[in-house]
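Have a look at the model first, then read on.

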Amino acid sequence: MIGAPPVVAVTGIGRCAGVDADGAARGRRMDGFARAGLLAGVRALASAGYRRRDAADPRSGVFVATSLGCRSSVEEHQRSLSSATSLDDLSPAVFARTVHNTVAGELSLDQGLGGPAETFTSGTTAGIDALVAAFDLLRAGTADRIVVVGAEALSGTCAAGEEAARGHPGPPLEGAGAAVVLESRPAGETGFPAFLLGGTSLFSTRPDAARSRLAAWLAALSTGTALPRLLVASGPTDATFDADALREAGLGGGLLETAPTDLLGTAAIAGAVRAVELLRNRAVTRVAVLVRDPRGPAGAVVLGRPGG
Amino acid sequence: MRSVAVTAMGAVTGFGEGVVPFWNGLLSGRSCLGPITLFPTGRVVVRQVAEARPLGQGEPGPAGERAHRLLLAAAREVEAQVPSGLLGGPGTAVVVGTTMGGNRLFCSWLEGGLASPSGSDLASPARLLAERTGAAGPVVTVSAACASGTAALGAAARLVRSGTVDRALAAGVDALSEFVVAGFDSLRALSRTTVRPFDLRRDGLGLGEGAGLLLVEELGAALSRGARPLALVRGYGSAGDAFHMTRPSPRGAGLVRALSAALADARVEPSAIGFVSAHGTGTPLNDAMEAAAFGTVFGAGLVRPPVQSLKGAVGHTLGAAGALEAILTVRVLESGLVPPTAGLEEPDPALGLDVVHGAARRVEPLSLAVSTSSAFAGTNAAVILERA
């Protein structure tokens, strides 16, 4: 299809929950967030058949999505500071871990990814932002491959903080991550079970307005095809996408699954991984992953087969 | 392809509130680094920073989060330059780059000073800006350490260029705190004398705080409403070093890739670049790395574009740095004047750079410039701007 922009295929997926022996070895100098993100990304790249080259690959990049980032390291540094009597009581290694692009850095280092590197910390919709940005760059030809990683880790204090801030418990994660590898392919290629077909995000403090706008976007994207099935990744405590509300928005009958826990910044990526699994099994042809942060941002990405 | 124009700017730095005092301060060659007043200094060795003026201590709680106040001060300046209501609605996006977000609030909560950490997350400044302006398009936060501000501008320009929105507010913001100063002090990264970017005697960086905010719009839409473009955003690139988590690759491989990507995105040759706003922190390693990277991209032994760093003047403002450097670059393109690099007295001959120092320099002709940023964890970013 001469002149048509490339399509974006999902060529690999990966997950990390908790810490295993491999994780402990690789991530011994990292906090839970960095370790989870690194492992999820490494596994996704392996499943995509990616092999590290001798020189960093300028056409392979890494995008990371998180809500809390390295908050556990932030807490560790602050607590050290509170009890310190001099600078010598502080660990420079801990402070160095308080930059939220550590996953991007560690994955870039581990896998020789010398291409675009971005870290999105937009809250629950960070994964939407990362996926949409990767989609745009791959279609523009800026990169050939981007691994998009969602990672989150909560210490006990972080979990309590999240509960205090959001008014409901967050998941007691001790490091969890999910990742998809996106690659640009020539227009018309169909040899993958899942392609990223598009994404959008918006800001509205009104759930009904957010829902209506997302429904309109899904309808516009689905011109000529059936509406995609829906996978709600925000978790069960967000009523924006409950069954009644979706029916009112003209999306009734499309709900597939709702994530059982609030996955914070990993939501959209974890949702994308789950969507790929559903698409691989041919259970459905298109899945929309819906995410809303109760503080305003909301978004959706659609995965499926072009023309499906 | 849609063109992206910068049509309004706002800034808060140690020189005060506003782009005018920022620019005049840079032209003067002065440094606004001075004694710390924001927190007790018993646990830090280096006690010189660039605190934003005239922001005082502020009230406690979310409304008093210093990063929020810095960003809102810059927002007020931008709002005064555009028609009422322009920034509201789904056609406007917000992209904020920050390393700390509402971290001061989080630390207060940890210390038991607040009942809830609400408003302390990284995305809180972006939401605040969206709520204030009524922006209903994408509201995005990026945290790429010291490259956050440049990354925010790149992401904002991408949203406008792709047609996702017609305009976007691109900001960089970070506030000073004991958390940050003590952390950099523990790394022995801070200058014990004077911040001297690219100087033979450079010995470290100095920290600052601030906010930089740029309104970028689709050029046709901006012209239709009667706006005067200040500059065009021609290209953006980012790249990972893949070398080390806290040290840059000696040859600046990641920065070379980011610069090359930005030049390719802009479809311009390196020889067309007439000015470089460097990261220029004043550390021995960073400045040497940048010099190596610029030599690779712009050619060793040839006449290279003049280089400038603002970090001797306003300090290293972390997430705000890239946005403030973009504002500086726009002003350089508008005026043809490059401010001197504050603190630089004796350029390191080993670097082989033409760094403007001592007095402002007129550079003509000047149509294209680049602003670069390099960060912990090996993230590098570059944005190319064109005179309107």
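In this predicted model, G127(A), I128(A) and L131(A) in α6(A) meet A268(A), I269(A) and A272(A) in α10(A), a contact being heavy atoms within 4.5 Å. By class, that makes five nonpolar, one polar and no charged residues, with Gly counted as polar and Ala, Leu and Ile among the nonpolar ones. The two helices pack at about 65 degrees, with axes 6 Å apart; axes are lines fitted to C-alpha atoms over the stretch in contact, and angles run from 0 to 180 degrees between N-to-C directions. Helices here are DSSP runs (H or I, at least four residues), numbered from the N terminus.

| Helix | Residues |
|---|---|
| α6(A) | 126-140 |
| α7(A) | 156-166 |
| α10(A) | 267-280 |

Now for α7(A): C158(A), A159(A), G161(A), E162(A) and R166(A) are buried, meaning under 20% relative accessible area (1.4 Å probe, protein chains only). They span an arc of only 160 degrees around the axis, so they sit on the same side of α7(A); the arc is taken from the axis to the C-beta atoms. What do they pack against? α3 (71-83) of chain A together with α3 (103-110) of chain B.

As for the chains, the contact takes 61 residues from chain B and 57 residues from chain A. In one salt bridge (Lys or Arg side-chain nitrogen within 4 Å of an Asp or Glu carboxyl oxygen), D121(B) meets R295(A) at 3.5 Å, N to O.

Residues are numbered from 1 along each chain as its sequence is written, and chains are lettered from A and ligands numbered from 1 in the order written. Local features need pLDDT of at least 70 and side-chain atom pairs 80 or more, while totals for chains, interfaces and linings use all residues; side-chain values use heavy atoms, leaving out hydrogens and water.

Technical notes: Buried means under 20% relative accessible area, exposed over 50%, partly exposed in between (1.4 Å probe, protein chains only).
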